[in-house]
Amino acid sequence: PFDAVTLGEWFESQGKLEIVDGGAYLIELASTTPSAANVVAYAEIVVEHAGRRRLIEAGTDIVSAGFNADGRELSELLTDAGNRIAELQPAQRGGLQRAGDSLKAWYESWGAKYGSGTKMTGMPTPWHDFNEVTRGLQPATLYLLAARPSMGKSVAGLNLALFCAMRGKTAGLFSLEMSMNDCHDRNIASLARVPHEFVTSPTEFGDDDYSAKMAPAIRDLMKAPLYIDDTPSLSIRQFEARARRMHQRKPLDILVIDHIHDFKIDPKLARFEYGAIAQKAKDLGKEWGIPVVALAQLNRNVTGRTERRPMLSDLRESGELEQKADVIIFLHREDYYDTPDQKTHLQGVVEMHFAKGRNIQAGARINLKNSFDQMRLDDWEGPLPQFVQEEKKGGKSAGYFSKKF
């Protein structure tokens, strides 16, 4: 073997000990040469200095971009700078691991669930039947809530974010469709249970004690950890940079996006762009261990069918979104399609259909109450309205859609 002792003996036997300064040089080599036993520590030193070098390069590029913007706006420069810094964060650990090494932690988690006295394993939502189907919003899961316009998806998204924030959970809401004031109008109406019309167009003569109800709701909302970004037409890079900045300041417990189809994309690559947005939202949810709820539009195919309940193929650019989402939920209102001559008996009913999902009752349908006058979706209480038959003259009967509950 090669070490200071054996080499010293060899040089001495050859009469060449003076070459290595009487053996002193061999001792110096032995004390300063890295050992394979410490290779991980040495590698960490290399990584540390490489990271510092990349930070210097990123800083230099950011400074250069500030002096020479090449026609780019400040917001774009800031987004690029944020992305460059975010990319320097240490990569997540991964790779194959022995299953038994993590089994103890899994069992401790399972035991905590067993002793909790409830089936809820995720974050509760405002709706009892929703919680029964999903056992709450699960961490590291992307929920896609999709519907045609005016079905209530924005109401549902705001209700979720507000419900969590009022319970002390840090909720992040990207509202690409509505302004900050629009969100405030809806949240105050929902929280105070007052007409949304009064909140948006208040008059002294129309105040039926509504302003008194709004005061405590405003105070509660001011203290709630609800964070809203109402910038329209965000790019995927801007969305990621802003979400990361927020999470660094105050870790998020839930992220709501209203909605995917309002992002700025290249129309020629719409299918892939929407898929990339969904994938980025899913990646953030997995990285931070939080649920992400993304709202989405349906295409117009549903309006031309007799059966208007949505299907997976009705998702705009459905292939990518269907693949990326962990859970897909459709909202549907039969009374939306009412005509003066024909009205459904399901007045005020908002149906949620769980079309796809792991560890949930896939295919389940629950019913909520349309309280859109207060910008709310509430639990449906009691049986659904029933279809009845109207007797025509001459003894013949014809079906009609009753307005009655």
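**Strand E5 and its surroundings**

Strand E4 (residues 254–258) and strand E5 run parallel and are joined by three bridges, and within this pairing isoleucine 257 has alanine 294 of E5 as its bridge partner. In the predicted model, the chain passes from E4 through H12 to E5, forming a β-α-β crossover that is right-handed. Strand E5 is also paired with strand E1 (residues 141–147), to which it is joined by seven bridges, again in a parallel arrangement; here the bridge partner of alanine 147 is glutamine 297.

Strand E5 (residues 291–297) is mostly covered, with seven of its seven residues buried. Pro291, Val293, Leu295 and Gln297 point one way from the strand, whereas Val292, Ala294 and Ala296 point the other way.

Helix H12, which spans residues 270–288, comprises 19 residues and reaches 27 Å from its first C-alpha to its last, close to the 27 Å expected at 1.5 Å a residue. Its buried residues include Tyr274, Ile277, Leu284 and Trp288. Just after H12, glycine 289 adopts a positive phi of about 70°.

Aspartate 230 lies in the loop between strand E3 (226–229) and helix H11 (236–249), and its C-alpha atom is separated by 24 Å from that of lysine 286, a residue 56 positions apart along the chain. Because its relative accessibility is 29%, aspartate 230 counts as partly exposed. Leaving aside residues up to four places away in sequence, aspartate 230 touches Ser175, Met178, Ser179 and Met180, and its side chain reaches the backbone nitrogen of methionine 180 at 2.8 Å.

Technical notes
Residues are numbered from 1 along each chain as its sequence is written. This is a predicted model: local features need pLDDT of at least 70, side-chain atom pairs count only at pLDDT 80 or more; totals for chains, interfaces and linings use all residues. Side-chain values use heavy atoms; hydrogens and water are left out. Helices (H or I, at least four residues) and strands (E, at least two) are DSSP runs, numbered from the N terminus. Buried means under 20% relative accessible area, exposed over 50%, partly exposed in between (1.4 Å probe, protein chains only). Contact means heavy atoms within 4.5 Å. A polar contact is a pair of N or O atoms within 3.5 Å; within protein, one must be able to donate a hydrogen and the other to accept it, and residues adjacent in sequence count only if both atoms are side-chain atoms. The expected span of a helix is 1.5 Å times one less than its number of residues. Two strands pair if DSSP finds at least two bridges between them. A crossover is right-handed if, with the strands pointing away from the viewer, the path from the first strand over the helix to the second runs clockwise.
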